[in-house]
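The exercises below are meant to be worked through with the sequence and the structure in view. Try each task before reading its solution.

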Amino acid sequence: MAFVIALLPVSTYAQAVENEPITNEEASNDACNVAKQRIATQAKKITTLQTDHSAKYATMKGRIDTFAITAATAKYTAINELTATRDGLTTALSVFNSQAKIYKTSLETAQAATCGEEDGQFTPALEAARAELVSLRSTATAVKTSIKQSVVPALRDYASWLKATADTNEEKL
Amino acid sequence: MNPIPEEPKTPLTGDTKPTLDPKTYVPEDSSPQTDSAALDAIGALEAEEDTIRPIQPTQSSQTVTPAPEQPVVVDVMTPFVPEQPTVVAEDVVTPETPESTTSDSETVFPVLPITPAGTLQDSPTQTNSNPFPEQKKSTKRLVIVLIAVVVLIGAAVAGYFMWQAAQSNSSNDGLQNNSSQSGAPVAPTPTDTESNVNASATSLEQGVDSIDDSAYDDSTLSDEALYDN
């Protein structure tokens, strides 16, 4: 009993410390630090994804280049359309890769910014990174659109021309 | 009495000997007086010959005395032509060296000809020295020819590989120009068909659809994603 009585002041002090109100600045700094850690994770994820996506798009473009060469060798009549779609994809991929680098740089800037409500640099850096993310998403969409709506139809047209040419040759024989 | 025809006077040298020429000597008559006079003359000549004969070996002895120098020359040449020097040395030594060592009259006939020994001394050096450089020359020529052949073969092989590389580079120039912007490997099929082109188009569509763009969504940098627990 005496032991419990002796410990009462200590427990009372501990409860008082826990119930002490936290200021807004401290809370904001804590949230900022957590957000910076998550931004760092996001930057690593974006770097890995951008490398993987760029490799896949490069492989697709290589196949399209091959078809453009063989089509030119076969004297494909609509070779200009096919090469135009290939060039459009090349431009879209270049823009996508550049925008991915810009977005990653903006994330690194936000990660290195100082936290604080008044003179802190974190919030503006985060807003800039969000704007670059919108641009990156639009460039990624442009690459997909170029492939699905330009390159693939051009390849279908090339396939149709090959079939028509083969049928014509068979009729001649 | 027939006169004795005069012989052409030749200068007396060391290698000439006073001899009677039976063809030119014709006695005037066959009287005893003249015969005795002739016999006296013959006797005098034979006496002179007797004085010369013992000394003749010394002529060769002087010529052979430098013979001890010959083995030096012969030993040098023996590894390449062992037979020729030994034969020459035997010809020089066998007839004359035994007597030459015992003779003590070197100053008596200093004018005697030494041509036989001189020729013998010179001949080994000439006969021995000729095959040695000829073999050297032949080996040098052989080595030079082998080196030249090896160099020519190496040059031919290198040229062949360089030509192959040049051919492959020139054949790939067109493909590389078309695919230089992408950097992707180019393996064009010889002829495209409808089926493989359509298959590739379908594969491209599926590949594009499989690319996940969720990492580019706004939600990745939303307040909820950054601040919420």
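Helices here are DSSP runs of H or I with at least four residues, strands are runs of E with at least two, and both are numbered from the N terminus. The model is a predicted one.

**Exercise 1.** Find how many helices and strands chain A has, and then describe chain B in the same way.

*Solution.* Begin with chain A, whose secondary structure comes to four helices and zero strands, so that, with this way of naming runs, its pattern along the sequence reads α-α-α-α. Of the 173 residues of chain A, 31% count as buried, and among its contacts with a separation of 6 or more, 74% join residues 24 or more positions apart.

**Exercise 2.** Work out how helix α3 of chain A is placed against helix α4 of chain A.

*Solution.* First locate the two helices, α3(A) at residues 79–112 and α4(A) at residues 122–172, which pack with their axes 8 Å apart and at an angle of about 165°. Because angles over 145 degrees count as roughly antiparallel, α3(A) is roughly antiparallel to α4(A). Then consider the crossing, in which α3(A) passes α4(A) in a left-handed manner. Last, sort the residues of this contact by class, which gives 25 nonpolar, nine polar and two charged residues.

**Exercise 3.** Decide where A:K75 lies and whether A:K75 is buried or exposed.

*Solution.* Start from the chain, where A:K75 is found in the loop between α2 (24–73) and α3 of chain A. Finally look at the backbone, where phi of A:K75 is near 60°, a positive value in a residue other than glycine. Most residues other than glycine have a negative phi.

**Exercise 4.** Describe the side of chain B that touches chain A, and say which helix gives the most to it.

*Solution.* To begin, 34 residues of chain B are in contact with 43 residues of chain A. On the chain B side, α7 (131–179), α8 (194–210) and α9 (223–227) each supply at least two residues, and α8(B) gives the most, with nine residues. Sorted by class, this side of chain B has 17 nonpolar, 11 polar and six charged residues.

Terms used
Residues are numbered from 1 along each chain as its sequence is written. Chains are lettered from A and ligands numbered from 1 in the order in which they are written. This is a predicted model: local features need pLDDT of at least 70, side-chain atom pairs count only at pLDDT 80 or more; totals for chains, interfaces and linings use all residues. Axes are lines fitted to C-alpha atoms, for helices over the stretch in contact, and angles run from 0 to 180 degrees between N-to-C directions. Angles under 35 degrees count as roughly parallel, over 145 as roughly antiparallel, 65 to 115 as roughly perpendicular and the rest as oblique. A crossing is left-handed if the near helix is turned anticlockwise from the far one by less than a right angle, and right-handed if clockwise. Ala, Val, Leu, Ile, Met, Phe, Trp, Tyr, Cys and Pro count as nonpolar, Asp, Glu, Lys and Arg as charged, and the others, Gly among them, as polar. Two residues are in contact if their C-beta atoms, placed from the backbone, lie within 7 Å. A residue is buried if 20 or more other C-beta atoms lie within 10 Å of its own, exposed if 12 or fewer, and partly exposed in between; C-beta atoms are placed from the backbone.
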